[in-house]
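Here is a short tour for someone meeting this structure for the first time. Keep the sequence and the 3D view open while you read.

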Amino acid sequence: MRLARFQDGTTARLAGIIGPWMVPLQHALDVAAHEAALLLPDDMIALLADEAAMTAASRAIAFAARPENAALRRPIAGLLAPLLPGKILGVGRNYGAHAAEVGGPKLEAPRIFLKPASSVCGPGSVVRIPPAVTKPDWEVELAVVIGREAWCVEESQALEHVAGYTILNDISAREFQFDQPLAMTSFAKGLDGFCPMGPWIVTADEFGEPWRTALSCRLNGETVQQGNTAELIFPVAALIAWLSRYMRLRTGDVIATGTPAGSGHFRKPPRYLKPGDRLALEVEGIGVLEHGIG
């Protein structure tokens, strides 16, 4: 399944995605049931946590996909970030080529930072760079959405705890990472709007295992990053297992798995985001997350 959130008047609602169409889940389920249907939550995390609701959502999407039920589908519009996570755990220097361009010692364990929920924004957003920030940069990432609680899980079982995957831009104010006596990584990556996410969640059963997934970033139409999750130093399962030794990963938590080489700060000369820029971040099997810079 592909699950999204959209703005319906003053209310955020959940939808399924079928090609270029979206299907408001509760309405489709009500029509499919022909009787009192299960009341689906309007909150994505609550939906992911409820097995019966997820089954009902799948049934509603399949019903709306039938040719005779085209009236249940509408053009994709008004998408929001697919969820507001409890916590966002970022992983630094997790692609070999990116680790090499950044420099420093070989990592023996994942390098973790935090992004607050207040940094999240959705597809089509315009991220306003604070006037005082001078080195805003881009980072396309595959984001893992936790489906059920993970605590001290084995790597062999880690993917059983994944609800699905989405796309994330880990925007970073590089001056707080590299121009300070002590790096302020979480602050650099946690400013308002510095976590565009979406356009939807692709559930793990549809996405498959994330071993060889291509990802890329285009800036104003120019490809500036290309990579593949085969290059991850710490793969998704290893990240979940390692993190779960130290904290409980709960439904709706997000792991940003790292970015390939090509961010602006490490180019010669460096290149930073500026007002008017447009980004298109693509992950194979998910789609494209587009947003602007203001």
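Asn220 is partly exposed, with a relative accessible area of 41%; here buried means under 20%, exposed means over 50%, and partly exposed is what falls in between, using a 1.4 Å probe and protein chains only. You'll find Asn220 in the loop between β15 (214–219) and β16 (222–228). Asn220 also has a positive phi of about 50° although it is not a glycine. Most residues other than glycine have a negative phi, and most peptide bonds are trans.

Lys274 touches Asn220 and Ile293, leaving out residues up to four places away in sequence; a contact means heavy atoms within 4.5 Å. Lys274 is partly exposed too, at a relative accessible area of 47%, and sits in the loop between β17 (254–256) and β18 (278–283). Between the C-alpha atoms of Lys274 and Gly103 there are 26 Å, with 171 residues separating them along the chain.

## What you're looking at

This is a predicted model, where local features need pLDDT of at least 70 and side-chain atom pairs count only at pLDDT 80 or more, while totals for chains, interfaces and linings use all residues. Residues are numbered from 1 along each chain as its sequence is written, and side-chain values use heavy atoms, with hydrogens and water left out.

## The whole chain

The protein chain has eight helices and 19 strands. Helices (H or I, at least four residues) and strands (E, at least two) are DSSP runs, numbered from the N terminus. Along the principal axes, the C-alpha atoms fill a box of roughly 65 × 45 × 30 Å. A compact globule of 294 residues would have a radius of gyration near 19 Å, and the chain's 19 Å agrees with that; the radius is taken over C-alpha atoms, and the globule rule is 2.2 Å times the number of residues to the power 0.38.

Of the 294 residues, 51% count as buried. Among contacts with a separation of 6 or more, 75% are between residues 24 or more positions apart. The accessible surface comes to about 12700 Å², and 54% of that belongs to carbon and sulfur atoms; accessible areas come from the Shrake-Rupley method with a 1.4 Å probe, and for residues only the protein chains shown count as cover.

## A helix on the inside

Is helix α8 enclosed or open to the outside? Seven of the eight residues of α8 (residues 236–243) are buried, so this helix is largely enclosed by the rest of the structure. The buried ones are Val236, Ala237, Ala238, Leu239, Ile240, Ala241 and Leu243. Their cover includes β6, β7, β11 (140–146), β12 and β17.

## Prolines to look for

Pro123 is buried, with a relative accessible area of 19%, and its place is in the loop between β8 (120–121) and β9 (126–127). Beyond its neighbours within four places in sequence, Pro123 is in contact with residues including Leu79, Met197, Gly198, Pro199 and Leu289. The C-alpha atoms of Pro123 and Met197 are 6.6 Å apart, although 74 residues separate them along the chain.

Pro269 lies in the loop between β17 and β18.

On a 1 Å grid over the protein atoms alone, a cavity is a set of points where a 1.4 Å probe fits but cannot get out, a pocket is an open set with protein on both sides within 12 Å along at least five of seven lines, and lining residues have an atom within 4 Å of a point. Grid points are joined across faces, edges and corners, and a volume is the space filled by probe spheres set on the points. The largest pocket holds about 250 Å³ of space. Of its 16 lining residues, Met54, Val162, Ala163, Thr203 and Asp205 are the closest to its centre. Helix α3 gives the largest share of the lining, three residues.

One cavity of 30 Å³ or more turns up by this rule, and the largest cavity has a volume of about 120 Å³. Its lining has 18 residues, with Gly92, Arg93, His98, Glu139 and Lys189 nearest the centre. Arg93 is in the loop between β6 and α4, and has a positive phi of about 55° although it is not a glycine.
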